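Here is a short tour of one protein chain.

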Amino acid sequence: MQVFLVGGAVRDSLLGLECHDKDFVVVEANPQMLLEQGFSQVGQDFPVFLHPDSHHEYALARLERKIGTGHTAFSTVFDDTVSLQDDLLRRDLTINALAIQVVGLFDDTPVTGQVIDYYGGLSDLQNKVLRHVSPAFAEDPLRILRTARFFAKFAKYGFVIADETKSLMINMANRGELSHLSRERLWTESSKAMSHNGGRAYWQVLFELGILAYFLPPLDKLWQTPDNYRCTMHALEILAQHPFYQALPKDKQDALAFALLLSSSESLEGISDTALRLCTPKMALELANLVFIFKNDFAQNPTADTVINLIERTKAQQQLKGDSHDPHALIYQLLTALDVYHQAWGIKTMINFNQQQSLIEQAVMIYQTTTIKDVDPSLKGAQIGQALTKVRIQRIKQVLIRIFSNKSV
């Protein structure tokens, strides 16, 4: 058998980028040969195996034939007659159809280091072009989104999508191919794209090629208003540089990016519609709704009532507790989203981001330390909650007065 390092690992090493995952293709082999070497198969009918030590993926060279609609309707041939050239032909982009032969299954040292290139990937890599390998690209609608995702990843290095590949993507969308993708898959690809500068280039290319109208029609309609589109793209650009965003785990970064993606929405119903079509996680939908609710109040005209509402809607009184409070709490995500939104839209605020954080933290402390001992002991039932809110509002007003340098609140 022969073993080849393929795809992204080859591409990224040639670009001088750090490589996190390695994928291999094994030629002139069969499943039993890998199983006998201790490899475990991924899926009973799919020729991909995990290395017993490194857990990298090793796939038998294979051919795929379209047998239906969607990105999973393929029959697979993976016998020992399938060549490396055959295998690479089925890949999406030429820059992903490169290979380097390695010593073997348990030694991934390159034999010579020579890059095997049957389809012009080296030239496209040098010229910074994303180009489909063959007409078979059109058989898999997922490749529309994958190409947009690769554009999001490499746009900062000057890569462009080849005109003929753009045309193919548009024609596929026009034929309704994207309707064959599951909602879960739509989110998976979009989430991966949002790892790259909040996904700005991903959404940009889908919108400007007219593909978003088939992918997320409510969002496409919203962006037909130039200011909505321009400011949303600017917001994603600002977000990618925001220090709080950069420190977040991936799922919370996605939530922030999604919330700003929908920040020009005109209704909560519109946000929910897009979230449903995209199979957006609950966390992201919740944050998008909060941005819609507070974007025109908090920081522009902060009142004690608004602060109380914000605390309760984000459950900040539960998540911020002394030195042990969660630094990634929902309240901080919301403040970050509002800060980016106001910057992108050029909206002047009465208090800056640091002052907003200070205000909320002081207000949460007031909320937590205001207890039943601070109200009339003769009150009962709902009257107690109303009285507590009144006391909290009065105390938060004093904080606002201090922040505004003794200006009237």
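Helices (H or I, at least four residues) and strands (E, at least two) are DSSP runs, numbered from the N terminus. The model shown is predicted.

## The whole chain

The chain has 20 helices and 12 strands. Some further values for the chain are listed here.

| Property of the chain | Value |
|---|---|
| Box filled by the C-alpha atoms, along the principal axes | roughly 85 × 45 × 40 Å |
| Accessible surface | about 19,000 Å² |
| Distance between the mean positions of the positive and negative charges | 10 Å |

Of the 409 residues, 48% count as buried. Carbon and sulfur atoms hold 49% of the accessible surface. The charges number 39 positive and 45 negative. Residues 24 or more positions apart account for 66% of them.

## Threonine 81

Is threonine 81 buried or exposed? Its relative accessible area is 61%. Exposed means over 50%, so threonine 81 counts as exposed. Now pair threonine 81 with tryptophan 345. In sequence they are 264 residues apart. In space, 59 Å separates their C-alpha atoms.

## Lysine 295

Lysine 295 also lies in a loop, between helix 15 (282-294) and helix 16 (304-314). This lysine is buried, yet it has no salt bridge. Which side chain of opposite charge is nearest to lysine 295? That is glutamate 266, 8.7 Å away. A salt bridge needs a side-chain nitrogen of Lys or Arg within 4 Å of a carboxyl oxygen of Asp or Glu.

The side chain of lysine 295 does reach a backbone oxygen. That oxygen belongs to serine 265, at 3.3 Å. Leaving out residues up to four places away in sequence, lysine 295 touches Ser263, Ser264, Ser265, Gln300, Leu338, Tyr341 and His342.

## Helix 8

Helix 8 covers residues 200-208. Why is helix 8 described as largely enclosed by the rest of the structure? Because 7 of its 9 residues are buried. The buried residues are Ala201, Tyr202, Trp203, Gln204, Val205, Leu206 and Phe207. After helix 8 comes glycine 210. The phi of glycine 210 is positive, near 80 degrees.

Terms used. Residues are numbered from 1 along each chain as its sequence is written. This is a predicted model: local features need pLDDT of at least 70, side-chain atom pairs count only at pLDDT 80 or more; totals for chains, interfaces and linings use all residues. Side-chain values use heavy atoms; hydrogens and water are left out. Buried means under 20% relative accessible area, exposed over 50%, partly exposed in between (1.4 Å probe, protein chains only). Contact means heavy atoms within 4.5 Å. Accessible areas come from the Shrake-Rupley method with a 1.4 Å probe; for residues, only the protein chains shown count as cover. Lys and Arg count as positive and Asp and Glu as negative; His and the chain ends are not counted. The place of a charge is taken as NZ of Lys, CZ of Arg, CG of Asp or CD of Glu. A polar contact is a pair of N or O atoms within 3.5 Å; within protein, one must be able to donate a hydrogen and the other to accept it, and residues adjacent in sequence count only if both atoms are side-chain atoms.
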